[in-house]
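Trainee: I would like a close look at one part of this model, a residue in a loop. Please place it first, then go on to the rest.

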Amino acid sequence: MIVNEFIPKPYKQLLERGVTAYSAPSNIALVKYWGKKAHQIPANPSISFTLDNCKTTTTLKFEKKTSEGFSFEVFLEGVLEEDFKPKIEQFFNRIEMYLPFLRTYHFVIETSNTFPHSSGIASSASGMSALALCLMKIEQQLNPDMSKEFFNKKASFLARLGSGSACRSIKGSLVVWGTHANIEGSSDLFGIKYPYEVHQNFTNYHDTILLVDKGEKQVSSTVGHNLMHNHPFAEQRFEQAHSNLDALILVLKSGDLSTFIRIVESEALTLHAMMMSSDSYFILMKPNTLEIINKIWAFRAQTGLHICFTLDAGANVHVLFPEAEAKEIQEFIKTELALHCQNGHFIEDKLGQGAQPIKN
Ligand code: DP6
């Protein structure tokens with residue numbers, strides 16, 4: 001699949017060398033992306049909150065070379081990382097036709113995360129979007145007429161080819177990815193800023209990430225997505241994502257937190273239900289994930305506060321709550337939920353505005 005819109009005209013001149021740098025946040029899906037077709041096309045549309053504190057900062061140094069092929073080194077927190085190479089090599093192969101300068105340069109990719117590497121928080125969304133933005137910044141220098149809108153659109157398009165959810169990390173604070181009949185401008189190719197009215201209940205919404213299990217997951221997202229092919233419930237699940245997004249459009253406008261909670265928690269449990277009912281099946285939740293979910297439900301029933309949870313492809317729990325109820329809920333997290341986290345660790349985050357360039 002070739003998308004002509006993103007293939008650049010021949011560059012007028014090439015730079016000898018340079019440096020670009022970006023920081024890009026992580027994001028947490030409310031309606032989940034789980035299942036994909038060829039070329040990183042999602043099986044269903046998804047929507048996410050862009051986070052603020054959990055982010056990756058990447059500096060990309062480039063210098064003209066004469067050798068053939070791709071040439072790059074990756075450093076994580078200053079340490080050479082051979083493990084990241086295959087994923088980046090695959091990314092370069094997928095995006096080469098859209099960035100023909102890739103073979104012209106030797107790249108040094110220096111990256112660091114605000115969250116600990118071994119926190120079980122996936123860095124692929126923030127990492128791939130930061131790298132896509134750094135590469136776009138090079139292209140912008142080669143093609144200075146590019147509009148800001150096109151820059152962001154192509155950055156999201158490229159990030160998607162690195163990791164699907166990464167295309168939702170360019171902008172804030174609500175991003176839709178995947179074609180949906182009732183969301184104008186939505187596309188399978190890139191994420192767009194949610195284009196409709198959002199009630200003030202969702203301003204500064206909080207996401208506290210409870211680190212239940214900091215280890216490597218036993219099953220990668222890529223393997224999980226593939227298990228949705230021939231999954232007995234796949235078609236119903238993909239339809240459900242469309243209808244949950246329809247319901248969410250109304251909720252985001254009205255500020256109806258109870259319905260928000262019902263949709264978001266159901267999406268999280270459906271995601272894990274898909275994992276548990278695929279062939280082969282697997283479980284990523286841990287006993288403490290369930291302890292936390294049960295405590296959240298009991299606390300909500302007792303207080304009437306609008307605390308809820310969501311999960312990504314792992315055991316960690318994202319606790320979501322509105323700004324107006326933050327004080328009481330944060331206290332509850334510290335006293336009641338933190339004890340179910342590995343070494344008591346959790347990360348307080350909230351909605352953010354998207355990626356930012358870093359001045360050299
Ligand atoms: C469960 O974006 O990590 O977090 O496209 O294979 O890199 P790849 O998958 P990835 O999948 C994320 C899945 C999820 C749900 C979501 O973020 O929508």
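This is a predicted model: local features need pLDDT of at least 70, side-chain atom pairs count only at pLDDT 80 or more; totals for chains, interfaces and linings use all residues.

Trainee: What is the relative accessibility of glutamate 77, and how does the residue count on that basis?

Mentor: Glutamate 77 has a relative accessibility of 43% and therefore counts as partly exposed.

Residues are numbered from 1 along each chain as its sequence is written, and side-chain values use heavy atoms, with hydrogens and water left out.

Glutamate 77 sits in the loop that joins strand 5 (71-76) to strand 6 (79-80). Helices (H or I, at least four residues) and strands (E, at least two) are DSSP runs, numbered from the N terminus. The phi of glutamate 77 is positive, about 50°, although the residue is not a glycine. Most residues other than glycine have a negative phi, and most peptide bonds are trans.

Asparagine 230 is not a glycine either, and its phi is positive, at about 65°. Its place is the loop between helix 4 and helix 5 (234-254). With a relative accessible area of 80%, asparagine 230 is exposed.

Next come the cis peptide bonds. One runs from glycine 172 to serine 173, with omega near -20°; serine 173 belongs to the loop between helix 3 (148-162) and strand 8 (174-177). Another cis bond links aspartate 279 to serine 280, with omega near 10°. Serine 280 is in the loop between helix 6 and helix 7 (287-303).

Helix 6 (residues 257-276) contains histidine 272. Histidine 272 is buried, at 1% relative accessible area.

The ligand is the next topic. The shell around the ligand has 18 residues, of which Tyr33, Ser163, Gly164, Ser165 and Arg168 come nearest; a residue is near if one of its heavy atoms lies within 4 Å. Helix 4 (residues 221-226) gives the largest share of this shell, 3 residues. Several polar contacts (pairs of N or O atoms within 3.5 Å; within protein, one must be able to donate a hydrogen and the other to accept it, and residues adjacent in sequence count only if both atoms are side-chain atoms) are listed next. The side chain of serine 163 places an N or O atom 2.7 Å from a ligand oxygen, and a polar side-chain atom of arginine 168 is also 2.7 Å from an oxygen of the ligand. For histidine 225, a side-chain N or O atom is 3.0 Å from a ligand oxygen. On its own the ligand has 460 Å² of accessible area, and the protein covers 93% of it. Accessible areas come from the Shrake-Rupley method with a 1.4 Å probe; for residues, only the protein chains shown count as cover.

Finally, the cysteines. A search of the whole structure finds 0 disulfides, a disulfide being a pair of cysteine sulfur atoms within 2.5 Å. For cysteine 167, which is in no disulfide, the nearest cysteine sulfur is that of cysteine 134, 18 Å away. Cysteine 167 is buried, at 1% relative accessible area. Cysteine 341 is in no disulfide either, and the nearest cysteine sulfur, on cysteine 54, is 13 Å away. Cysteine 341 has a relative accessible area of 7% and is therefore buried.

Definitions and conventions:
Buried means under 20% relative accessible area, exposed over 50%, partly exposed in between (1.4 Å probe, protein chains only).
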